[in-house]
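Let's take a friendly walk through how this protein packs together. Have the model open beside you as you read.

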Amino acid sequence: MPEVIFAGPAGRIEGRYQPSKEKNAPIAIILHPHPQFGGTMNNKIVYDLFYMFQKRDFTTLRFNFRGIGRSQGEFDHGTGELSDAAAALDWVQSLHPDSKTCWVAGYSFGAWIGMQLLMRRPEIEGFISIAPQPNIYDFSFLAPCPSSGLIIHGDADKVAPPKDVQGLVDKLHTQKGITITQKTMPGANHFFSNDADLLIEECADYLDRRLAGELADPRPKRLR
């Protein structure tokens, strides 16, 4: 798994990158939790998501947002981190011009950044949002949400209360042309303490079903 450094809007960005053997393989970008609360690309859930996509022959990248590890810059309350994510996708696409589709997976703060990236990049055809925080972050930009995806969270989450996540899911369920799959994990908290393996199993099951053509609107998504 090569360590990589690529140019970002605030200086260099540090990442871990594993290209697929297939030239036109889909791309997966994994986004880590809040930089000011210990979030890094080496978070176990981020690490496991990386390998989940890699095992399915995606070209896969996880990286540190600005100011974390060897990534330059300072925390920017989401605006700069979204620019970092866009730069990361640009960098992978520059190496894999034959890749036409992409997935984004984010955990907590990373889920918020991932959903914003989804709105700006029509090539993103699927998403996994783990423990998003609509009680803290504004998700009203999903109007409409352009892609089908999974929202997965725990019913014992005190950081992102289930009623707030449910409100976000209910709002997305009213939108036509996409399929939002929701999984609520009994007893799981925001950190998925003792539940991380089951979390990855649920995400992997969802991804496998999507790759088999299930759980998404059959209409093709318009590319740029």
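Leaving aside neighbours within four places in sequence, which residues is Phe 63 in contact with? Phe 63 meets Phe 6, Ile 13, Glu 14, Gly 15, Ile 29, Ile 30, Leu 31, His 32, Met 41, Asp 84, Ala 85 and Ala 88, where contact means heavy atoms within 4.5 Å.

This is a predicted model, in which local features need pLDDT of at least 70 and side-chain atom pairs count only at pLDDT 80 or more, while totals for chains, interfaces and linings use all residues. Residues are numbered from 1 along each chain as its sequence is written, and side-chain values use heavy atoms, with hydrogens and water left out.

Phe 63 also belongs to the largest nonpolar core, of 39 residues, and is listed with Ile 29 and Leu 61 as having the most contacts inside it. Another core lies apart from that one, with 27 residues, including Phe 53 and Ala 204.

Now to the helices, with angles between N-to-C directions running from 0 to 180 degrees.

| Helix pair | Angle | Axes apart |
|---|---|---|
| α1 (residues 44-55) and α5 (residues 196-211) | about 30° | 10 Å |
| α2 (residues 79-95) and α3 (residues 109-120) | about 60° | 9 Å |

The angle makes α1 roughly parallel to α5 (under 35 degrees; over 145 is roughly antiparallel, 65 to 115 roughly perpendicular and the rest oblique). Among the residues of α1 that meet α5 are Leu 49 and Phe 53. By class, this contact has 10 nonpolar, no polar and three charged residues.

The α2 helix is oblique to α3. Ala 85, one of the partners of Phe 63, is also among the α2 residues that meet α3.

Terms used
Helices (H or I, at least four residues) and strands (E, at least two) are DSSP runs, numbered from the N terminus. Ala, Val, Leu, Ile, Met, Phe, Trp, Tyr, Cys and Pro count as nonpolar, Asp, Glu, Lys and Arg as charged, and the others, Gly among them, as polar. A nonpolar core is a set of buried Ala, Val, Leu, Ile, Met, Phe, Trp, Tyr and Cys residues joined through side-chain atoms within 4.5 Å. Buried means under 20% relative accessible area, exposed over 50%, partly exposed in between (1.4 Å probe, protein chains only).
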